[in-house]
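Dear colleague,

I am handing over the structure below, and after it you will find an account of what came out of it. Please keep it open beside the text while you read.

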Amino acid sequence: MKLFHHQAVGVSRRGFSRRSFLQTVSASAAAAGVLSFRDVMSLQAEELRRQGMSMILLWMAGGPSHLETFDPKPEAENGGPTEAIDTSVPGIQIANGWEKTAGAMQDIALIRSMTNKEGNHRRATYQLHTGYVPSGSVKHPALASNIAREIGNLDGALPSFVRVGAARNNRIGAGFLGVDYEPFAVQQAGKLPQNVAAGVPHPRYNTRLGLLNRLEDEFAARGGKTNVADHRKIYKKASKLVLTPDVKAFDLSNEPDEVTQAYGDTNFGRGCLLARRLVETGVTFVEVTQGGWDTHQDNFERVKNNAAQVDPAFAALIHDLKQRGMLEKTLVLWTGEFGRTPRINARTGRDHYPRAFNAAIAGGGIQGGQVIGSTSDDGGRVEETPVTVPDLLQTVCRSLNVQADKENMSPLGRPMKIVDGGTVVDQLFA
Amino acid sequence: MRVTERLFRQGIVASVLVIGCLIWAAGSGEAKNFKPRKSRDVAERVDRLITKDLQESEVTIAPSVSDEDFLRRVTFDLTGTLPTPRDITLFGLDPHPKKRARAIDRLIASQEFGANWARYWRDVIFSRATDVRSRMMIDVFERWMTSQLNEGASWDQITRELLTATGNVRESGETALVFAHQGQPEEIAAETSRIFLGIQIQCANCHDHPTDEWKREQFHQLAAFFPRIRVRRVRDSMPRTFEVVSFNRPDSANPRAGVGQFRQNPEKLMRLLDQNNDGKLTQDEVKKRKRLSRVFKRLLKIGDTNNDMGLTVAELKKLPPPNVNRRAYSEYFMPNLDDPTSKGTRIDPVFFVAGQTPEVGLTDEARREQLSQYITSRDNPWFAKAFVNRMWAELLGEGFTMPVDDMGPERDVAFEAVFDALSEGFVGSGYDVKWLIRTIVNTEAYQRQIRPVDSVGDGDQFAAAIPTRLRSDQLFNALFRVLGVGEPKGRSPRRRGYFGRGGPRAAFALLFGYDPSTPQSDLTGTVPQALFLMNSPVINNRVKAKGNTPLAKLLRDYSDDEDVLAELYLLVLAREPSENELKICSEHIAATENRGAAFEDILWSLINSTEFRTKR
């Protein structure tokens, strides 16, 4: 028997209706026939567990230097001025500039052996987001859209996939999965997203919706019935978003000062705080982007500057989620599209380097305080436990209880797995 | 798609015949006789065939569309916007019996015709672009394509230009297809086949085609027409620009070509070249090997770990795998799927449709020219059919076979005879784009009413019109007309304003754009689109009853509310309101204290209605 999220209990982080729970259970039991009540209950329990899961992707657009983040090589000839600092976990050192993240290391696992072949921003970004290399013939869905589809709450007032402050080359969306799983883009955290506030006061807005609805009947009767029905569906969803009190999740002004201070007075900091609030309100997947990692020039200065924004926000997010008891159910992944060359170029920059890069991952059942894999002394080669893009995405699916080998049918009639190939990095769950 | 079993069987027989004819034609070197035919004659033939077929299946045919609906439909289709209230009135009053055909001719002759269809093709090409940088030339392509279409360039000419293009992407619009894929042979091959032949041969990229007969090798033979294209940045260009160039240097002159041998057999290399038997190779020892000596210095830099200026077998083995970049070669290599880092198998160009094979080793220019001849040849039925099916689908909402870019030899085809008649006529016209569009929009099939979906039975395709979603540019033109906002002239890409970069049209397209190769049935609206139409300040400011808005003007000009309503409906929906709509609106006006506010609500509702964004 297979239960889909929308057939399962309508449950959110705020609790669920006991009545609908019992109704669903008895309906499923009747449908299943052969299953005992206990079987059905345990299936439901599995569903409930999945339903609570969510993910926050901290996307470092441009390709962060692994050598200046979580895989420093101060001894190496090309290590640059970067130093290694101790973390809260004995034996794990990361680059200076990441002091706050270092303090949260007991909850964070580092993957120092990410390896890939795509050295072009757009292609690699696409691959990291979808698990597939780009192709002209099919728009692959973002993994996030698949996740939203598998475990998201379609009936929620807020979209199940929100993308905060994305780079221009990242318009990767639901692909052939359709409109329900498209990312909802928020240009800047801290403000209500564009066009979400009604153009007129709510009573008049409601009047307008009523008038629109009445006037639509004419066209529906003339032959536009299907079109009108689709249109009404979208408008219902959109107006729900306009009218829901849940949109206050987008408004950060009521957060206590110490919280906003901890995240940092930056776009990325506000993005992370927003991500926490959205997940709390029932959003399944939030992506927050920090750009500026394409450090072909002045690598060390620019990384320092980026780290100053990302470090406090990342650490505060982990801390905040943990304190609220949300970390176990929220997977946080920090990564970018590739690493940077060990060689320092003539402009004290580092260039694109997909052969070795890193990722930091926390929450969602991940065992923190450990390091997966290692690179050679100069950071140029993965030496132990290489982790490919599909391996990473498989691991994400495991954490969120998404069945990675589930096949969706692409428009060309070709079945496509949510993640094609790769194996889970089991050690992360140890 | 609804295809009766009868049609399906006919389809199979006909496709066998088509392929048969093709082989026969290619074999005997004799072309089919495609006579030039009058647009009107072909349109009549099309209608006879459709009507006969529908009558035989006892399908009720919807009546001809009203004048005002016809004018809205054809104005959107030919010039991408709404007819003005004045156009509608004049057209309704025109007593000429051939006024529809005359309106069609007038619209096709207008400059907006080219702009409208150029935007359609812009979306076809750029929706699938595999490199975002290609967006920098969108305007250039649009301008180029607009003038091609307005000047009556034939589809084979346009195709040839796109396939053989070289030059600066900010000057030559025809480089669009190549630049959209950064000159990558596989992507260009896939798109060439998809756009110009309606065949998704790239499904055979990694394996034989899952549903059609194409073999994996055939896809790569098509890609082998394109290995000599390079896209490179124009040095010191400001603003930054790229050029598409031909790269005809033979492989032997390629400095990277020799790198592979190091990995394959370092021991053998050592035996052959290590003259002093000291177990390491030096620059001096390899100097007779032309290619090797050229890269030796670089190899030393990477692999000489003990800095003795020589490479031992161990050091050779430790060299990083060569950067296998098939782009370094001027011939095409099909990747070995079991060993992706290897060079792969060399493949020479063959055109898969009828197996034409050009000479081996042709220059880039000659290869692409040759391919464009194979593709646009009258003996290649796919070329005409792909275009006819696409145009028919765009104009009528559904093609003879769907999706338009995945026809393939084994698809079901509805109304095969009609499809053939139009395709033959199109070839006979010399691939005249305007001829084909004129023919289609003059058919009764195009000019039917939409009708309630409930009455739809099986096999009634083309018996009634289908309401379809307007493309982004069409909706943009309509919306800005209704709001009385002009589009800023001359776009500056750096301009940041209310709509950000690229001007309002580009910003609007980010929200409302879609790939026009997508079947209508797969298209849906989105939440941000609805939010924009409901709440965006630009709309809420311009639906106001005050100031210099179109609504304010109507309210000033007419004191009678019904007059205002009639004008408003004409402006927004290009038709008069029905009795029922007048009633609903009047009730709303009566219930609202403020006349202006009531009309604002009505205008807002019309802009947000399904009908406004639908071609009916």
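In strand S3 of chain B, B:Val244 is the bridge partner of B:Gly167. This is a feature of a predicted model, and it belongs to the pairing of S1(B) with S3(B) (residues 242-246), two strands that run antiparallel and are joined by 2 bridges. Taken as a whole, the sheet in chain B is open and is formed by 3 strands in the order S1-S3-S2, with antiparallel pairing. Its edge strands are S1 (167-168) and S2 (229-233) of chain B, each of which pairs on one side only.

Because 11 of its 13 residues are buried, H18(B) is largely enclosed by the rest of the structure. Among these buried residues are B:Val418, B:Phe419, B:Leu422 and B:Phe426, but also B:Glu416, B:Asp420 and B:Glu424. The helix is followed by B:Gly430, whose phi is positive, near 80°.

Turning to the nonpolar cores, the largest one has 253 residues, and the members that touch the most others are A:Leu58, A:Val286, A:Ile318, A:Leu333 and B:Ile607. Helix H17 of chain B (residues 381-396) gives the most to this core, with 11 residues. A second, separate core has 7 residues, including B:Leu292, B:Phe296, B:Leu311 and B:Leu316. To follow one residue in detail, A:Ile318 touches A:Ala104, A:Asp107, A:Ile108, A:Leu327, A:Val332 and A:Ala362, when residues up to four places away in sequence are not counted.

The contact between the two chains takes 46 residues from chain B and 44 residues from chain A. On the side of chain B that touches chain A, the elements that give two or more residues are the helices H10 (185-197), H22 (527-535), H26 (579-591) and H27 (595-607) of chain B. The largest share of that side, 6 residues, comes from H22(B). Sorted by kind, the residues on this side of chain B divide into 16 nonpolar, 19 polar and 11 charged.

Finally, for chain A, the domain assignment gives domain 1, made of 54-190 + 252-429, and domain 2, made of 195-246. The centres of these two domains of chain A, taken over C-alpha atoms, are separated by 37 Å.

With kind regards

Notes. Residues are numbered from 1 along each chain as its sequence is written. Chains are lettered from A and ligands numbered from 1 in the order in which they are written. This is a predicted model: local features need pLDDT of at least 70, side-chain atom pairs count only at pLDDT 80 or more; totals for chains, interfaces and linings use all residues. A residue is buried if 20 or more other C-beta atoms lie within 10 Å of its own, exposed if 12 or fewer, and partly exposed in between; C-beta atoms are placed from the backbone. Helices (H or I, at least four residues) and strands (E, at least two) are DSSP runs, numbered from the N terminus. Domain bounds come from an automatic or database domain assignment. Two strands pair if DSSP finds at least two bridges between them. A nonpolar core is a set of buried Ala, Val, Leu, Ile, Met, Phe, Trp, Tyr and Cys residues joined through C-beta atoms within 7 Å. Two residues are in contact if their C-beta atoms, placed from the backbone, lie within 7 Å. Ala, Val, Leu, Ile, Met, Phe, Trp, Tyr, Cys and Pro count as nonpolar, Asp, Glu, Lys and Arg as charged, and the others, Gly among them, as polar.
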